[in-house]
Amino acid sequence: MKRHLPCEYCGSRDNAYQYPDGIWCFGCKRYTPNKTSINNVKETLHGTKNTTGKSYSIPTDCSFTIPPVPYLWLSNYGLTNDEIQRNNIKWSESKKSLVFPIYNNSELVFWQERKFGTDKRWISHGSKPDAVLGAGDPLVLVEDIISAIRVSKVTACKPLFGSAINVNIFLRIKEKYSACKIWLDYDKAKDSIKYATQGSMFIPTQSIITIKDPKCYTTKEIKEYVI
């Protein structure tokens, strides 16, 4: 599928970008949801059915118009406008949440919301996906989606959406990568070392221990830790 497209509204030749759920123009800042079929419209209004048979959807008021406070929160972790758009990070005013959807091809399989205001917390929707961001070797395991986006600028990175790692994850990694590195948050340092020992039974595995979360480091610093 061609990603960069001309915009029918502002006339630019390649400022529009095709996302799984619609088209966003970086020139005129207009978002156009997919309307290619009745099914797409139904999915937008009533939810997306994943392979488990469960139906759920991101909030219908999601948009790329992100208020100053959550936008600054993303910026503090080094996320650029392009990375926000490319990863479909949106704002739901009804939920007072940033929305982080995960797609398999064009099928919504999982999403997280990070609430703001008085209720600051993460909420997950759907079964945790076997998602990998970026490309390269080794594969790095991190806890959260923002850390995964940051690390994926350097090498392949899998968000765990938590901190637990089971044997099956290492078996799948072994099929595609020559090595694995585990970079959990500092409060999970002991778990990281334990999992690295387990993973080494299947694939060369190292634990990265840092005071700050992966998402808090610059790209240059991340590269020094993982390569």
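This is a predicted model: local features need pLDDT of at least 70, side-chain atom pairs count only at pLDDT 80 or more; totals for chains, interfaces and linings use all residues.
Figure 1. Tyrosine 225 has a relative accessible area of 35%, so tyrosine 225 is partly exposed. What is the geometry of the pair formed by the rings of tryptophan 183 and tyrosine 225? Their centres are 5.3 Å apart and their planes stand at 55 degrees, so the pair is tilted. Tryptophan 183 sits in the loop between β13 (180-182) and α6 (189-199). Tyrosine 225 belongs to helix α7 (residues 219-226). The pair therefore ties together parts that are 42 residues apart in sequence.

**Figure 2. An edge-to-face pair, tryptophan 73 with phenylalanine 116.** The whole structure holds 9 aromatic pairs. In one of them, the rings of tryptophan 73 and phenylalanine 116 have centres 5.5 Å apart. Their planes meet at 85 degrees, so this pair is edge-to-face. Tryptophan 73 lies in helix α2 (residues 68-76), and phenylalanine 116 lies in the loop between β9 (107-115) and β10 (122-125). The pair therefore links parts that are 43 residues apart in sequence. Both tryptophan 73 and phenylalanine 116 are buried. Ring pairs join Trp73 and Phe116 with Tyr77, Trp91, Phe100 and Trp122 in a cluster.

**Figure 3. Two lysines over tyrosine rings.** Lysine 215 places its charged end over the ring of tyrosine 77, 5.4 Å from the ring centre. Tyrosine 77 is also a member of the ring cluster with Trp73 and Phe116. Lysine 212 places its charged end over the ring of tyrosine 217, 4.7 Å from the ring centre.

**Figure 4. The hairpin of β9 and β10.** Strands β9 and β10 pair in the antiparallel sense, over 4 bridges. Glutamate 113 has isoleucine 123, in β10, as its bridge partner. Between the strands of this hairpin are 6 residues. In this hairpin, glycine 117 takes a positive phi near 80 degrees.

**Figure 5. The nonpolar cores.** Nonpolar side chains tend to be buried together in soluble globular proteins. Here the largest nonpolar core has 31 residues. Which residues touch the most other members of this core? They are Leu74, Leu98 and Trp183. Elements giving two or more residues to this core include α2, β8 (97-104) and β9. The largest share, 5 residues, comes from α4. Beyond its neighbours within four places in sequence, leucine 74 contacts Ile66, Leu79, Ile84, Ile89, Leu98, Phe100 and Ile146.

Note on methods: Residues are numbered from 1 along each chain as its sequence is written. Side-chain values use heavy atoms; hydrogens and water are left out. Rings of Phe, Tyr and Trp (its six-membered ring) pair if their centres lie within 6.5 Å; planes under 30 degrees apart count as stacked, over 60 as edge-to-face and the rest as tilted. Buried means under 20% relative accessible area, exposed over 50%, partly exposed in between (1.4 Å probe, protein chains only). A charge sits over a ring if NZ of Lys or CZ of Arg is within 6 Å of the ring centre and within 35 degrees of the ring normal. Two strands pair if DSSP finds at least two bridges between them. A nonpolar core is a set of buried Ala, Val, Leu, Ile, Met, Phe, Trp, Tyr and Cys residues joined through side-chain atoms within 4.5 Å. Contact means heavy atoms within 4.5 Å.
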